Amino acid sequence: MDPEQAADRGRLMGPEEIAALIEQLGAMISNNNRNIPADQLILIGIQRGGVPLAERLVGAIQRASGVTPLCGSLDIAMFRDDIGLRKTLPQIFETRIPFDLTEKTVILVDDVLQSGRSIRAALDAITYFGRPAVVRLAALLDRGSREFPIQGDYVGKKISVPDDRRVKVSWNEITGKGDFVYSVEPPKIKAAI
C-alpha cells in the first residue's frame, strides 16, 4: 500500500474541520494576548508542520483582533535527543527568525503535540535567538502520550488514537495534496552502529 492510500485509510479529519480549529486557535491567542503590542507577539512554527500552521494563525489572529504578529520558523533537527540513535542525519529545513526574541511573548507552534520531545528541542533551540519574556505553546491537535511534562497553552482539539499509531497532518503547502489529519504506524528508530 502506498503512503497516500495509507493516509486515506487512517484519515481522521478534513480541511473544513482543520480551518475551523485554526480560527478557534487564533481567537484564543488573540483573547489571551490582547494587551500585548503587535511587535511583542511572535509566532514561531516548528519545521515542518508547525510552519504552515503558524502562517495561517497569523491570518486568524489578524481577523480576530486586527493585530498582525511577527512569524518565523524553527528547525529543531539538530536539537533532538534521538539524533545519535538514527542511522542517517535528519533533513534540515530553514530556520527563519530575523528578529530578537528577548523580552517578547513567543508562541511556539506545532501541528501535533504527542510525546513532547519536539517541544523540548524547540525550547533549547530558541535560546539562540534571545531570552523571551514568556514562551507559550499552540498546537492544532493534542494526542496525549507525553514522555516529557509539556502541555499546550492553546490547543485546537484533543484527539485519541491507539497507542501503536501516530497522528500526522498533511498540509497543502507541504504536500500539495490538501489538508487532512491521519494516523500512521510510528517509524522504527534503528540504533546507529
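**Overall make-up**

The model is predicted, and the protein in it contains five helices and eight strands. Read from the N terminus, these elements follow the order α-β-α-β-α-β-β-α-β-β-β-α-β. The protein has 193 residues, of which 45% count as buried, and its accessible surface amounts to about 10200 Å², with 50% of that area belonging to carbon and sulfur atoms. When contacts between residues at least 6 apart in sequence are considered, 70% of them join residues at least 24 apart.

In soluble globular proteins, nonpolar side chains tend to be buried together. Here the largest nonpolar core comprises 28 residues, and those with the most contacts inside it are Ile22, Leu43, Leu57, Ile107, Val109, Leu140 and Leu141. At least two residues of this core come from each of helix H2 (15–32), strand E2 (41–46), helix H3 (50–65), strand E4, strand E5 (134–142) and strand E7 (166–170). H3 gives the most to this core, with six residues. Another core, of 19 residues, lies apart from it and includes Leu74, Phe99, Ile119 and Ala121.

Is Ser115 buried or exposed? With a relative accessibility of 14%, Ser115 falls under the 20% limit and therefore counts as buried. Leaving aside neighbours within four places in sequence, Ser115 is in contact with Gly144, Ser145, Arg146, Glu147 and Phe148.

One of these partners, Ser145, is found in the loop between E5 and strand E6 (154–158). Ser145 counts as partly exposed at 42% relative accessibility, and although it is not a glycine, it has a positive phi of about 60°.

**Backbone features in other loops**

A positive phi, of about 65°, also occurs at Glu103, which is not a glycine and which lies in the loop between strand E3 (70–74) and E4. The peptide bond from Gln47 to Arg48 is cis, with omega near 5°, and Arg48 belongs to the loop between E2 and H3.

**Two positions and their partners across the sequence**

Gly45 is found in strand E2 and counts as buried, at 0% relative accessibility. Neighbours within four places in sequence aside, Gly45 is in contact with Gly50, Val51, Ala54, Gly72, Ser73, Leu74 and Val109. Glu55 lies in helix H3 and is partly exposed, with a relative accessible area of 42%; with the corresponding sequence neighbours left out, Glu55 is in contact with Cys71 and Arg96. The table lists one C-alpha pair for each of these two residues.

| Residue pair | Separation along the chain | C-alpha to C-alpha distance |
|---|---|---|
| Glu55 and Cys71 | 16 residues | 6.9 Å |
| Gly45 and Ala122 | 77 residues | 9.8 Å |

**Aromatic rings**

A pair of aromatic rings is described by the distance of the centres and the angle of the planes. The structure holds two aromatic pairs. In the pair formed by Phe180 and Tyr182, the ring centres are 5.5 Å apart and the planes stand at 45°, so the pair is tilted. Phe180 and Tyr182 are both buried. Arg11 lies over the face of Phe180, at 3.8 Å from the ring centre, and Phe180 thus has Arg11 over its ring face as well as Tyr182 as its aromatic partner.

Note on methods. Residues numbered from 1 in each chain as written. Predicted model: local features only at pLDDT ≥ 70, side-chain atom pairs only at ≥ 80, totals over all residues. Heavy atoms only, no water. Buried < 20%, exposed > 50% of the residue type's maximum accessible area, 1.4 Å probe, protein only. Contact = heavy atoms within 4.5 Å. Core = buried A, V, L, I, M, F, W, Y, C linked by side-chain atoms within 4.5 Å. Helix = DSSP H or I, 4+ residues; strand = E, 2+ residues; numbered from the N terminus. Areas by Shrake-Rupley, 256 points an atom, 1.4 Å probe, with all protein chains shown as cover. Phe/Tyr/Trp six-rings, centres within 6.5 Å; stacked < 30°, edge-to-face > 60°. Lys NZ or Arg CZ within 6 Å of the ring centre and 35° of its normal.
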